[in-house]
Amino acid sequence: MHEKHVVREAYARQLLERYSQWLGNIEEVELGEVEALSREVDSMLSEQDSVLHAELLKQIMELRNKVTEMMWISEHMKILHDLSHIFAKTFEESKILWKAFELVSRVMRADAFFIAFYDEGDSEIKIPISIDSEVNYGPLTIPYGQAMVSKVIDTRETIHIKTMKNEPSEPEMIRWGSPEIDTNTCIFVPLMLGNQIKGVISAQSYREFAYKKEHEELLKIIGFQVASAIETARLYERMYQMSFQDELTGIANYRAFHRDLEKLLSEEDTSVSLIMLDSDSLKAVNDHYGHHAGDALIKQIAEAMKEVAGPEDTAYRYAGDEFMLLCPGSSMELAEEKAHAIREYLRLRPLTQDDCCILIAVSVGIARYPQDANTADSLKRAADEALYRSKRKGKNCTTVYAAG
(Lines give C-alpha, C1' and ligand atoms only; values in the text may rest on other atoms or scores of the structure.)
Protein backbone atom coordinates (compact mmCIF):
# COMPACT_ATOMS: atom_id res chain seq x y z
CA MET A 1 0.00 0.00 0.00
CA HIS A 2 2.85 2.36 0.86
CA GLU A 3 4.60 1.61 -2.47
CA LYS A 4 1.39 2.37 -4.38
CA HIS A 5 1.12 5.69 -2.57
CA VAL A 6 4.74 6.52 -3.39
CA VAL A 7 4.10 5.76 -7.07
CA ARG A 8 1.01 7.97 -7.12
CA GLU A 9 2.97 10.81 -5.50
CA ALA A 10 5.77 10.46 -8.06
CA TYR A 11 3.24 10.47 -10.91
CA ALA A 12 1.53 13.53 -9.45
CA ARG A 13 4.89 15.34 -9.36
CA GLN A 14 5.46 14.40 -12.99
CA LEU A 15 2.06 15.84 -13.87
CA LEU A 16 2.78 19.06 -11.99
CA GLU A 17 6.14 19.36 -13.77
CA ARG A 18 4.41 18.75 -17.10
CA TYR A 19 1.76 21.39 -16.39
CA SER A 20 4.51 23.79 -15.33
CA GLN A 21 6.30 23.20 -18.67
CA TRP A 22 3.06 23.84 -20.51
CA LEU A 23 2.48 27.12 -18.69
CA GLY A 24 6.06 28.17 -19.47
CA ASN A 25 5.49 27.61 -23.20
CA ILE A 26 1.73 27.79 -23.35
CA GLU A 27 1.61 28.77 -27.07
CA GLU A 28 3.36 25.49 -28.00
CA VAL A 29 0.85 23.19 -26.26
CA GLU A 30 -0.80 20.88 -28.81
CA LEU A 31 -4.44 19.80 -28.56
CA GLY A 32 -3.48 16.17 -29.30
CA GLU A 33 -1.03 16.17 -26.40
CA VAL A 34 -3.69 17.49 -24.01
CA GLU A 35 -6.25 14.94 -25.16
CA ALA A 36 -3.76 12.08 -24.81
CA LEU A 37 -2.88 13.15 -21.26
CA SER A 38 -6.54 13.50 -20.37
CA ARG A 39 -7.25 9.91 -21.40
CA GLU A 40 -4.18 8.67 -19.55
CA VAL A 41 -4.97 10.46 -16.28
CA ASP A 42 -8.76 9.92 -16.32
CA SER A 43 -8.27 6.17 -16.10
CA MET A 44 -6.47 6.69 -12.79
CA LEU A 45 -8.84 9.24 -11.21
CA SER A 46 -12.15 9.05 -9.49
CA GLU A 47 -15.15 10.42 -11.33
CA GLN A 48 -15.12 13.63 -9.26
CA ASP A 49 -11.37 14.17 -9.70
CA SER A 50 -11.70 13.40 -13.40
CA VAL A 51 -14.22 16.25 -13.78
CA LEU A 52 -11.91 18.65 -11.95
CA HIS A 53 -8.97 17.53 -14.07
CA ALA A 54 -10.94 18.02 -17.27
CA GLU A 55 -11.81 21.56 -16.14
CA LEU A 56 -8.12 22.24 -15.46
CA LEU A 57 -7.13 21.05 -18.95
CA LYS A 58 -9.92 23.13 -20.46
CA GLN A 59 -8.59 26.23 -18.71
CA ILE A 60 -5.07 25.45 -19.92
CA MET A 61 -6.33 25.24 -23.52
CA GLU A 62 -8.33 28.46 -23.15
CA LEU A 63 -5.21 30.18 -21.83
CA ARG A 64 -3.22 28.74 -24.73
CA ASN A 65 -5.76 30.05 -27.25
CA LYS A 66 -5.79 33.52 -25.68
CA VAL A 67 -1.99 33.73 -25.63
CA THR A 68 -1.82 32.50 -29.24
CA GLU A 69 -4.38 35.09 -30.28
CA MET A 70 -2.49 37.86 -28.47
CA MET A 71 0.77 36.76 -30.13
CA TRP A 72 -1.04 36.72 -33.47
CA ILE A 73 -2.35 40.26 -32.90
CA SER A 74 1.10 41.42 -31.80
CA GLU A 75 2.74 39.98 -34.92
CA HIS A 76 -0.13 41.36 -36.98
CA MET A 77 0.54 44.85 -35.64
CA LYS A 78 4.27 44.49 -36.36
CA ILE A 79 3.47 43.51 -39.95
CA LEU A 80 1.24 46.55 -40.46
CA HIS A 81 3.87 48.81 -38.88
CA ASP A 82 6.61 47.32 -41.07
CA LEU A 83 4.42 47.64 -44.15
CA SER A 84 3.65 51.31 -43.58
CA HIS A 85 7.31 52.01 -42.73
CA ILE A 86 8.64 50.24 -45.84
CA PHE A 87 6.01 51.62 -48.21
CA ALA A 88 6.63 55.17 -46.95
CA LYS A 89 10.28 54.89 -48.01
CA THR A 90 9.97 53.48 -51.52
CA PHE A 91 8.06 54.28 -54.69
CA GLU A 92 9.44 51.31 -56.63
CA GLU A 93 6.67 48.87 -57.53
CA SER A 94 8.93 45.82 -57.64
CA LYS A 95 10.26 46.49 -54.13
CA ILE A 96 6.77 47.01 -52.73
CA LEU A 97 5.56 43.70 -54.19
CA TRP A 98 8.55 41.69 -52.99
CA LYS A 99 8.34 43.18 -49.48
CA ALA A 100 4.63 42.30 -49.39
CA PHE A 101 5.58 38.67 -50.08
CA GLU A 102 8.30 38.69 -47.40
CA LEU A 103 5.97 40.15 -44.78
CA VAL A 104 3.09 37.79 -45.62
CA SER A 105 5.55 34.89 -45.26
CA ARG A 106 6.30 36.00 -41.70
CA VAL A 107 2.77 35.33 -40.47
CA MET A 108 1.53 32.51 -42.68
CA ARG A 109 2.85 29.80 -44.92
CA ALA A 110 3.33 31.28 -48.37
CA ASP A 111 4.88 28.48 -50.40
CA ALA A 112 3.29 30.22 -53.37
CA PHE A 113 2.13 33.81 -53.65
CA PHE A 114 0.96 36.21 -56.33
CA ILE A 115 -0.50 39.68 -56.75
CA ALA A 116 -2.61 40.49 -59.81
CA PHE A 117 -3.75 43.93 -60.97
CA TYR A 118 -6.78 44.79 -63.04
CA ASP A 119 -8.12 48.09 -64.38
CA GLU A 120 -11.85 48.10 -64.93
CA GLY A 121 -12.69 47.67 -68.59
CA ASP A 122 -9.35 46.06 -69.50
CA SER A 123 -9.24 42.77 -71.39
CA GLU A 124 -6.15 41.59 -69.50
CA ILE A 125 -5.03 40.97 -65.94
CA LYS A 126 -1.41 41.78 -65.10
CA ILE A 127 0.49 39.58 -62.65
CA PRO A 128 3.82 41.31 -61.92
CA ILE A 129 4.84 38.87 -59.19
CA SER A 130 4.06 35.13 -58.98
CA ILE A 131 6.28 33.26 -56.54
CA ASP A 132 6.49 29.52 -56.02
CA SER A 133 9.17 28.14 -53.68
CA GLU A 134 10.90 31.57 -53.73
CA VAL A 135 11.14 31.60 -57.56
CA ASN A 136 9.37 34.53 -59.26
CA TYR A 137 7.61 33.31 -62.42
CA GLY A 138 6.28 36.81 -63.19
CA PRO A 139 5.58 39.11 -64.80
CA LEU A 140 2.64 37.47 -66.54
CA THR A 141 -0.46 38.62 -68.37
CA ILE A 142 -3.65 36.59 -68.69
CA PRO A 143 -6.96 37.30 -70.44
CA TYR A 144 -9.69 38.67 -68.21
CA GLY A 145 -12.19 35.90 -67.53
CA GLN A 146 -9.55 33.20 -67.05
CA ALA A 147 -8.85 31.41 -63.77
CA MET A 148 -9.95 31.94 -60.18
CA VAL A 149 -8.51 35.46 -60.11
CA SER A 150 -11.20 36.64 -62.56
CA LYS A 151 -13.90 35.12 -60.38
CA VAL A 152 -12.62 37.02 -57.35
CA ILE A 153 -12.53 40.27 -59.36
CA ASP A 154 -16.12 39.70 -60.54
CA THR A 155 -17.58 38.76 -57.15
CA ARG A 156 -15.25 40.90 -54.98
CA GLU A 157 -15.36 38.07 -52.46
CA THR A 158 -12.58 36.04 -50.84
CA ILE A 159 -12.21 32.43 -51.95
CA HIS A 160 -10.60 30.02 -49.48
CA ILE A 161 -9.83 26.52 -50.74
CA LYS A 162 -8.72 24.45 -47.74
CA THR A 163 -7.73 21.31 -49.60
CA MET A 164 -7.13 20.36 -53.21
CA LYS A 165 -9.95 17.78 -52.89
CA ASN A 166 -12.43 20.67 -52.69
CA GLU A 167 -11.14 22.72 -55.59
CA PRO A 168 -13.29 23.24 -58.70
CA SER A 169 -13.12 20.69 -61.49
CA GLU A 170 -13.12 23.48 -64.09
CA PRO A 171 -9.71 24.67 -65.32
CA GLU A 172 -9.86 27.67 -62.95
CA MET A 173 -7.04 26.79 -60.58
CA ILE A 174 -4.13 28.20 -62.53
CA ARG A 175 -1.30 28.99 -60.14
CA TRP A 176 1.38 30.31 -62.53
CA GLY A 177 4.18 28.66 -60.59
CA SER A 178 6.08 25.40 -60.52
CA PRO A 179 4.68 22.88 -63.01
CA GLU A 180 5.96 20.00 -60.86
CA ILE A 181 3.45 20.20 -58.00
CA ASP A 182 0.29 22.12 -57.15
CA THR A 183 -0.48 23.80 -53.85
CA ASN A 184 -3.20 22.31 -51.62
CA THR A 185 -4.49 25.37 -49.74
CA CYS A 186 -5.24 28.70 -51.43
CA ILE A 187 -6.63 32.05 -50.33
CA PHE A 188 -7.65 34.53 -53.02
CA VAL A 189 -8.49 37.97 -51.61
CA PRO A 190 -9.75 40.97 -53.63
CA LEU A 191 -7.53 44.06 -53.57
CA MET A 192 -9.91 46.88 -52.73
CA LEU A 193 -9.41 50.64 -52.53
CA GLY A 194 -12.67 52.01 -51.22
CA ASN A 195 -15.33 50.54 -53.49
CA GLN A 196 -12.91 50.04 -56.38
CA ILE A 197 -11.47 46.62 -57.24
CA LYS A 198 -7.76 46.79 -58.05
CA GLY A 199 -6.86 43.12 -58.35
CA VAL A 200 -6.23 40.01 -56.26
CA ILE A 201 -3.66 38.90 -53.67
CA SER A 202 -3.16 35.18 -53.06
CA ALA A 203 -1.23 33.09 -50.53
CA GLN A 204 -0.96 29.33 -51.07
CA SER A 205 0.52 26.35 -49.25
CA TYR A 206 1.45 22.79 -50.09
CA ARG A 207 -0.16 21.74 -46.79
CA GLU A 208 -3.85 21.05 -46.49
CA PHE A 209 -5.89 23.27 -44.12
CA ALA A 210 -2.93 25.62 -43.69
CA TYR A 211 -4.97 28.80 -43.14
CA LYS A 212 -7.56 30.11 -40.71
CA LYS A 213 -10.14 32.88 -40.95
CA GLU A 214 -7.58 35.21 -39.36
CA HIS A 215 -5.26 34.67 -42.33
CA GLU A 216 -7.99 35.85 -44.69
CA GLU A 217 -8.46 39.04 -42.65
CA LEU A 218 -4.72 39.69 -42.46
CA LEU A 219 -4.33 39.20 -46.21
CA LYS A 220 -7.18 41.68 -46.78
CA ILE A 221 -5.42 44.32 -44.71
CA ILE A 222 -2.05 43.67 -46.35
CA GLY A 223 -3.75 43.73 -49.75
CA PHE A 224 -5.25 47.13 -49.00
CA GLN A 225 -1.83 48.43 -47.91
CA VAL A 226 -0.23 47.06 -51.09
CA ALA A 227 -2.93 48.52 -53.34
CA SER A 228 -2.57 51.91 -51.63
CA ALA A 229 1.23 51.83 -51.91
CA ILE A 230 1.13 50.83 -55.59
CA GLU A 231 -1.40 53.57 -56.35
CA THR A 232 0.86 56.10 -54.61
CA ALA A 233 3.94 54.77 -56.43
CA ARG A 234 2.22 55.06 -59.81
CA LEU A 235 1.02 58.58 -59.02
CA TYR A 236 4.55 59.50 -57.98
CA GLU A 237 5.92 58.03 -61.22
CA ARG A 238 3.41 60.01 -63.30
CA MET A 239 4.27 63.21 -61.44
CA TYR A 240 7.98 62.46 -61.75
CA GLN A 241 7.69 61.95 -65.50
CA MET A 242 5.56 65.09 -65.82
CA SER A 243 8.36 67.05 -64.16
CA PHE A 244 10.49 66.21 -67.22
CA GLN A 245 7.81 67.18 -69.74
CA ASP A 246 6.96 70.59 -71.14
CA GLU A 247 3.30 71.26 -70.46
CA LEU A 248 2.60 73.38 -73.56
CA THR A 249 4.25 71.23 -76.24
CA GLY A 250 4.35 67.75 -74.69
CA ILE A 251 8.04 67.32 -75.51
CA ALA A 252 10.79 67.02 -72.88
CA ASN A 253 11.87 70.06 -70.86
CA TYR A 254 15.16 71.53 -69.64
CA ARG A 255 15.33 69.14 -66.63
CA ALA A 256 15.10 66.20 -68.99
CA PHE A 257 17.70 67.77 -71.27
CA HIS A 258 20.33 68.03 -68.53
CA ARG A 259 19.50 64.54 -67.21
CA ASP A 260 19.71 62.93 -70.66
CA LEU A 261 22.80 64.79 -71.78
CA GLU A 262 24.74 63.85 -68.63
CA LYS A 263 23.67 60.24 -69.08
CA LEU A 264 24.75 60.21 -72.74
CA LEU A 265 28.15 61.70 -71.97
CA SER A 266 28.74 59.16 -69.18
CA GLU A 267 28.76 56.34 -71.74
CA GLU A 268 32.07 55.25 -73.23
CA ASP A 269 32.98 56.13 -76.83
CA THR A 270 29.88 58.24 -77.26
CA SER A 271 29.38 61.05 -79.74
CA VAL A 272 26.50 63.53 -79.66
CA SER A 273 25.35 66.30 -81.94
CA LEU A 274 23.46 69.11 -80.21
CA ILE A 275 21.13 71.23 -82.34
CA MET A 276 20.02 74.40 -80.57
CA LEU A 277 17.41 76.63 -82.15
CA ASP A 278 15.56 79.78 -81.27
CA SER A 279 12.51 81.50 -82.76
CA ASP A 280 13.26 84.66 -84.71
CA SER A 281 9.84 86.26 -84.21
CA LEU A 282 8.12 85.15 -80.99
CA LYS A 283 8.12 88.61 -79.38
CA ALA A 284 6.72 90.25 -82.51
CA VAL A 285 3.98 87.61 -82.81
CA ASN A 286 3.05 88.00 -79.13
CA ASP A 287 2.93 91.79 -79.46
CA HIS A 288 0.97 91.86 -82.71
CA TYR A 289 -1.34 88.83 -82.49
CA GLY A 290 -1.43 87.95 -78.80
CA HIS A 291 0.10 85.25 -76.65
CA HIS A 292 -2.26 82.55 -77.94
CA ALA A 293 -0.63 83.01 -81.35
CA GLY A 294 2.80 82.90 -79.69
CA ASP A 295 1.85 79.61 -78.03
CA ALA A 296 0.76 78.24 -81.42
CA LEU A 297 4.15 79.24 -82.87
CA ILE A 298 5.99 77.40 -80.07
CA LYS A 299 3.83 74.31 -80.60
CA GLN A 300 4.58 74.39 -84.33
CA ILE A 301 8.33 74.45 -83.70
CA ALA A 302 7.93 71.46 -81.36
CA GLU A 303 5.96 69.60 -84.06
CA ALA A 304 8.74 70.30 -86.57
CA MET A 305 11.34 68.84 -84.20
CA LYS A 306 9.25 65.74 -83.49
CA GLU A 307 8.75 65.23 -87.23
CA VAL A 308 12.48 65.45 -87.98
CA ALA A 309 13.87 63.63 -84.91
CA GLY A 310 15.24 60.15 -85.58
CA PRO A 311 14.53 57.07 -83.39
CA GLU A 312 17.48 57.85 -81.10
CA ASP A 313 16.95 61.63 -81.03
CA THR A 314 15.11 63.61 -78.34
CA ALA A 315 13.54 67.06 -78.69
CA TYR A 316 13.37 69.51 -75.78
CA ARG A 317 11.77 72.86 -75.13
CA TYR A 318 14.57 74.33 -73.08
CA ALA A 319 13.12 77.73 -72.17
CA GLY A 320 10.65 80.15 -73.77
CA ASP A 321 11.23 79.83 -77.52
CA GLU A 322 14.59 78.05 -77.19
CA PHE A 323 14.72 74.38 -78.22
CA MET A 324 17.29 71.58 -78.20
CA LEU A 325 17.61 68.40 -80.26
CA LEU A 326 20.00 65.74 -78.95
CA CYS A 327 21.21 63.40 -81.69
CA PRO A 328 23.40 60.56 -80.31
CA GLY A 329 25.87 59.14 -82.84
CA SER A 330 24.89 61.69 -85.47
CA SER A 331 27.52 63.08 -87.82
CA MET A 332 27.77 66.84 -88.37
CA GLU A 333 26.47 66.39 -91.91
CA LEU A 334 23.40 64.54 -90.66
CA ALA A 335 22.84 67.15 -87.94
CA GLU A 336 22.93 69.89 -90.57
CA GLU A 337 20.39 67.97 -92.66
CA LYS A 338 18.08 67.74 -89.65
CA ALA A 339 18.42 71.46 -88.94
CA HIS A 340 17.58 72.21 -92.58
CA ALA A 341 14.59 69.84 -92.43
CA ILE A 342 13.23 71.64 -89.33
CA ARG A 343 13.51 75.03 -91.00
CA GLU A 344 11.92 73.70 -94.19
CA TYR A 345 9.04 72.13 -92.25
CA LEU A 346 8.33 75.49 -90.62
CA ARG A 347 8.65 77.42 -93.90
CA LEU A 348 6.01 75.23 -95.52
CA ARG A 349 3.61 75.42 -92.55
CA PRO A 350 3.04 79.06 -91.55
CA LEU A 351 0.40 79.97 -88.99
CA THR A 352 -2.79 81.76 -89.94
CA GLN A 353 -4.28 84.41 -87.65
CA ASP A 354 -7.03 86.88 -88.49
CA ASP A 355 -6.67 85.99 -92.19
CA CYS A 356 -2.96 86.77 -91.93
CA CYS A 357 -0.11 84.39 -92.71
CA ILE A 358 2.53 84.26 -89.97
CA LEU A 359 5.84 82.91 -91.23
CA ILE A 360 7.92 80.92 -88.75
CA ALA A 361 11.70 81.17 -88.90
CA VAL A 362 14.35 79.91 -86.50
CA SER A 363 18.06 80.48 -86.00
CA VAL A 364 20.10 77.32 -85.44
CA GLY A 365 23.45 76.48 -83.86
CA ILE A 366 25.11 73.04 -83.95
CA ALA A 367 27.97 71.62 -81.86
CA ARG A 368 29.36 68.10 -81.41
CA TYR A 369 30.77 66.12 -78.52
CA PRO A 370 33.65 65.37 -78.17
CA GLN A 371 34.90 67.33 -81.20
CA ASP A 372 33.75 70.76 -79.97
CA ALA A 373 33.47 70.22 -76.20
CA ASN A 374 34.45 67.78 -73.48
CA THR A 375 31.64 68.38 -70.95
CA ALA A 376 27.89 68.86 -70.99
CA ASP A 377 28.19 72.54 -70.09
CA SER A 378 30.86 73.26 -72.68
CA LEU A 379 28.80 71.48 -75.36
CA LYS A 380 25.79 73.64 -74.55
CA ARG A 381 27.98 76.79 -74.60
CA ALA A 382 29.41 75.79 -77.99
CA ALA A 383 25.94 75.28 -79.49
CA ASP A 384 24.80 78.54 -77.91
CA GLU A 385 27.77 80.38 -79.45
CA ALA A 386 26.92 78.90 -82.87
CA LEU A 387 23.30 80.01 -82.43
CA TYR A 388 24.44 83.53 -81.50
CA ARG A 389 26.46 83.66 -84.72
CA SER A 390 23.33 82.72 -86.69
CA LYS A 391 21.51 85.62 -85.06
CA ARG A 392 24.34 88.00 -85.98
CA LYS A 393 24.28 86.79 -89.58
CA GLY A 394 20.70 87.99 -89.93
CA LYS A 395 18.72 85.08 -88.41
CA ASN A 396 16.85 82.28 -90.21
CA CYS A 397 20.06 80.31 -90.85
CA THR A 398 22.21 77.50 -89.41
CA THR A 399 25.76 77.84 -88.04
CA VAL A 400 28.11 74.96 -87.19
CA TYR A 401 30.33 75.77 -84.21
CA ALA A 402 33.58 74.30 -85.61
CA ALA A 403 33.15 76.03 -88.93
CA GLY A 404 32.49 79.42 -87.35
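## Aromatic pairs and ring contacts

Phe 188 is buried, with a relative accessible area of 2%. Buried stands for under 20% relative accessible area, exposed for over 50%, and partly exposed for the range in between (1.4 Å probe, protein chains only). The model is predicted: local features need pLDDT of at least 70, side-chain atom pairs count only at pLDDT 80 or more, and totals for chains, interfaces and linings use all residues. Residues are numbered from 1 along each chain as its sequence is written, and side-chain values use heavy atoms, with hydrogens and water left out.

The structure holds nine aromatic pairs. Rings of Phe, Tyr and Trp (its six-membered ring) pair if their centres lie within 6.5 Å; planes under 30 degrees apart are stacked, over 60 edge-to-face, and the rest tilted. Two of the pairs are tabulated here.

| Pair | Centre to centre | Angle between planes | Class |
|---|---|---|---|
| Phe 114 and Phe 188 | 6.1 Å | 50° | tilted |
| Tyr 254 and Tyr 318 | 6.3 Å | 75° | edge-to-face |

Phe 114 lies in strand β1 (residues 112-117) and Phe 188 in strand β6 (residues 185-193), so this pair links distant parts of the chain, 74 residues apart. Helices (H or I, at least four residues) and strands (E, at least two) are DSSP runs, numbered from the N terminus. Phe 114 is buried too, at 1% relative accessibility.

The tyrosine pair ties together parts that are 64 residues apart in sequence, because Tyr 254 lies in helix α7 (residues 254-266) and Tyr 318 in strand β9 (residues 314-319). Tyr 254 is partly exposed at 39% relative accessibility, whereas Tyr 318 is buried at 15%. Ring pairs join Tyr 254 and Tyr 318 with Phe 257 and Tyr 316 in a cluster.

Charges also meet rings. The charged end of Arg 234 sits over the ring of Phe 117, 4.9 Å from its centre. Arg 259 places its charged end over the ring of Phe 244, 4.1 Å from the ring centre. The criterion is NZ of Lys or CZ of Arg within 6 Å of the ring centre and within 35 degrees of the ring normal.

Another arginine, Arg 389, belongs to helix α11 (residues 376-392). Arg 389 is buried at 18% relative accessible area. Its side chain reaches the backbone oxygen of Tyr 401 at 3.1 Å.

Disulfides (cysteine sulfur atoms within 2.5 Å) number zero in this structure. Cys 327 is buried at 0% relative accessibility, and Cys 397 is buried at 16%.

How values were computed
A polar contact is a pair of N or O atoms within 3.5 Å; within protein, one must be able to donate a hydrogen and the other to accept it, and residues adjacent in sequence count only if both atoms are side-chain atoms.
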